[in-house]
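This briefing is meant to be read beside the sequence and the coordinates. Please keep both open while going through the points below.

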Amino acid sequence: MSTAIDDELWSAVGDPTRRRMLDLLLSDGGGTATTLSERLPVTRQAVAKHLGVLDRVGLVHVTPAGRERRYEVDEAQLARAVAQLTAVGTTWDARLQRIKRIAERIQRGTAERETGPEQP
C-alpha cells in the first residue's frame, strides 16, 4: 500500500460531489454519467470528470453500456477506504484523549496554585 495511492484515494473521497456520487451509485446499484447528472447540481461533463477520478483510484469500475459507460462502486476498494478512515479516526481519538488529560492536569495545577491543595 503506497502513500501516493492512499493520498489519491483520500483526495477522491474528500470531495463532497464525489461522495454524493458514490452514495447514488451504491443506492442505485450503478449508473451512468447521464443518470448521475440528472440527480446532481453539476453538468454531465463535470460528472464524467468526477467519475474519472473515482475510476483512477479504483473506487468505481466501468462497463460499456451501449453509447454510455456504466459505473459501479468497487466494494473492496470502498471497504479499504472505510478501514483507513476508521484507523485515522481511532488514532486521532487517542491523541485527543491525551491532549484532554494534559489539559485537565494543567487546569488542576492552576486551580491548586490559586486555592491551595485539595484536602481529602
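Helix H5 gives the most to the nonpolar patch, with 5 residues, where helices (H or I, at least four residues) and strands (E, at least two) are DSSP runs numbered from the N terminus. This is a predicted model, in which local features need pLDDT of at least 70 and side-chain atom pairs count only at pLDDT 80 or more, while totals for chains, interfaces and linings use all residues. Residues are numbered from 1 along each chain as its sequence is written, and side-chain values use heavy atoms, with hydrogens and water left out.

**The nonpolar patch**

- The patch on the surface is formed by Trp10, Leu85, Val88, Trp92, Leu96 and Ile99, which together have about 580 Å² of accessible area, a value that comes from the Shrake-Rupley method with a 1.4 Å probe, only the protein chains shown counting as cover for residues.
- Patches are made of residues with over 30% relative accessible area and no salt bridge, like charges being joined within 9 Å and nonpolar side chains (Val, Leu, Ile, Met, Phe, Trp, Tyr) within 5 Å.
- Isoleucine 99, which has its place in helix H5, is exposed, with a relative accessible area of 51%; buried means under 20% relative accessible area, exposed over 50%, and partly exposed in between (1.4 Å probe, protein chains only).

**Helix H5**

- H5 covers residues 75-115, and its 41 residues reach 58 Å from the first C-alpha to the last, close to the 60 Å expected at 1.5 Å a residue, the expected span being 1.5 Å times one less than the number of residues.
- At the start of H5, a side-chain oxygen of aspartate 74 comes to within 3.1 Å of the backbone nitrogen of alanine 76.
- The buried residues of this helix are Gln77, Leu78, Ala81, Gln84 and Gly109.

**Serine 37 in helix H3**

- Serine 37 lies in helix H3, residues 33-37, and counts as buried because its relative accessibility is 17%.
- A polar atom of the serine 37 side chain lies 2.8 Å from the backbone oxygen of threonine 34.
- Leaving aside residues up to four places away in sequence, serine 37 touches Val42, Thr43, Arg44 and Val47, where contact means heavy atoms within 4.5 Å.

**Salt bridges**

- The structure holds 5 salt bridges, each defined as a side-chain nitrogen of Lys or Arg within 4 Å of a carboxyl oxygen of Asp or Glu.
- In one of them, the side chains of aspartate 28 and arginine 39 meet at 2.2 Å, N to O, and this pair links distant parts of the chain, aspartate 28 being in helix H2 (residues 16-28) and arginine 39 in the loop between H3 and helix H4 (44-56), 11 residues apart.
- Aspartate 28 is partly exposed at 41% relative accessibility, and arginine 39 is partly exposed at 43%.
- Glutamate 68 forms a salt bridge with arginine 44, the closest N and O atoms being 3.4 Å apart, which links glutamate 68 in strand E2 (residues 68-73) to arginine 44 in helix H4, 24 residues apart.
- Glutamate 68 counts as partly exposed at 24% relative accessibility, and arginine 44 as partly exposed at 35%.

Conventions. Polar contact = N/O pair within 3.5 Å; in protein donor to acceptor, adjacent residues only side chain to side chain.
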